[in-house]
Amino acid sequence: MRFASRKDKWVNPFFWAVALVCYALAVFVAFSDESPGYKIVFFLYAAATGLFAQSYVTGTEYIIGQGQLKVRGGIFLRKTIPLDSIVKIEPVTSREGATALSKSRLRIHYGRWNYVDVSPEREEEFLEKLQEAAPHVRMSPAEAAPARPG
């Protein structure tokens, strides 16, 4: 089952603005009077940065299936976690860089010391599906966490 990331209000405007500025810079440099080598390098750099920003906001998702949890954050950020390695899940509030686009997150502990933060839009359904697929996982009580935005 596929779940998109919940996004804080500032996330869409910020990442889309970064992407659009990068695309505008790429076009500006492409039509400038600079040397061809400079134009190519800067164009590719600016376009790739814009693509990364755009893909991060549109391509962050979480997939439960086939005995694993796949966490995707844009083009480059990929993590596959076997469901049988997940130890516990707890709600957290964090601004730490992660494949979660909201400060209200679920921290999934797996293996011995590893964790990943996720922020699925349909959090309750995500937790239900994860509990069905991995009944051994301990869930920390939701009342210990701050209120979650709907």
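Biologist: I'm new here, so what should I know before I start?

Modeller: The model is predicted, so local features need pLDDT of at least 70 and side-chain atom pairs count only at pLDDT 80 or more, while totals for chains, interfaces and linings use all residues. Residues are numbered from 1 along each chain as its sequence is written, and side-chain values use heavy atoms, with hydrogens and water left out.

Biologist: Let's start with charges. How many salt bridges does the structure hold?

Modeller: The general idea is that side chains of opposite charge can pair when their charged atoms come close. The rule here asks for a side-chain nitrogen of Lys or Arg within 4 Å of a carboxyl oxygen of Asp or Glu. The structure holds 9 of these salt bridges. One of them joins Glu61 and Arg72, with the closest N and O atoms 3.4 Å apart. Glu61 sits in strand 2 (residues 61–65) and Arg72 in strand 3 (residues 68–73), so this pair ties together parts that are 11 residues apart in sequence. Strands, by the way, are DSSP runs of E with at least two residues, helices are runs of H or I with at least four, and both are numbered from the N terminus.

Biologist: Is Glu61 buried or exposed?

Modeller: For that you need cut-offs: buried is under 20% relative accessible area, exposed is over 50%, and partly exposed is in between, using a 1.4 Å probe and protein chains only. Glu61 comes out at 16%, so it counts as buried.

Biologist: Which residues do salt bridges with shared partners join into one network?

Modeller: Let's build it up pair by pair. Glu96 bridges to Arg107, with the closest N and O atoms 3.6 Å apart. Glu96 is in the loop between strand 5 (86–93) and strand 6 (104–110), while Arg107 is in strand 6, 11 residues apart. Arg107 also meets Asp117 in a salt bridge, at 2.8 Å from N to O. Asp117 is buried at 2% relative accessible area. Through shared partners, Glu96, Arg105, Arg107 and Asp117 form one network. As for accessibility, Arg107 is buried at 15%, whereas Glu96 is partly exposed at 37%.

Biologist: How many bridges join strand 6 to strand 7?

Modeller: Two strands pair if DSSP finds at least two bridges between them. Here 5 bridges join strand 6 to strand 7, and the two run antiparallel. Ile108 stands opposite Val116 in strand 7. The hairpin has 3 residues between its strands, and Gly111 takes a positive phi near 65° there.

Biologist: Now a helix. Which residues of helix 1 are buried?

Modeller: In general, an α-helix has 3.6 residues a turn, so residues three or four places apart point the same way. In helix 1 (residues 11–30), the buried residues are Val11, Phe15, Ala19, Cys22, Ala26 and Val29. They cover an arc of only 100° around the axis, judged by the directions from the axis to the C-beta atoms, which puts them on the same side of helix 1. Helix 2 (36–58) is included in what covers them. The face turned away from the buried side carries the exposed residues Pro13, Leu20 and Phe28.

Biologist: And rings? How many aromatic pairs are there?

Modeller: A pair of aromatic rings is described by the distance of the centres and the angle of the planes. Rings of Phe, Tyr and Trp (its six-membered ring) pair if their centres lie within 6.5 Å; planes under 30 degrees apart are stacked, over 60 edge-to-face, and the rest tilted. That rule gives 8 aromatic pairs. Phe15 and Tyr56 make a tilted one, 5.3 Å centre to centre with 55° between the planes. Phe15 lies in helix 1 and Tyr56 in helix 2, so the pair ties together parts 41 residues apart in sequence. Tyr56 is buried, at 10% relative accessible area. Tyr38 and Phe42 have ring centres 6.0 Å apart and planes at 15°, so that pair is stacked. Being 4 residues apart in helix 2, Tyr38 and Phe42 are separated by about one helical turn.

Biologist: Which rings link into a cluster?

Modeller: Ring pairs link Trp10, Phe14, Phe15, Phe52, Tyr56 and Phe76.

Conventions:
Contact means heavy atoms within 4.5 Å.
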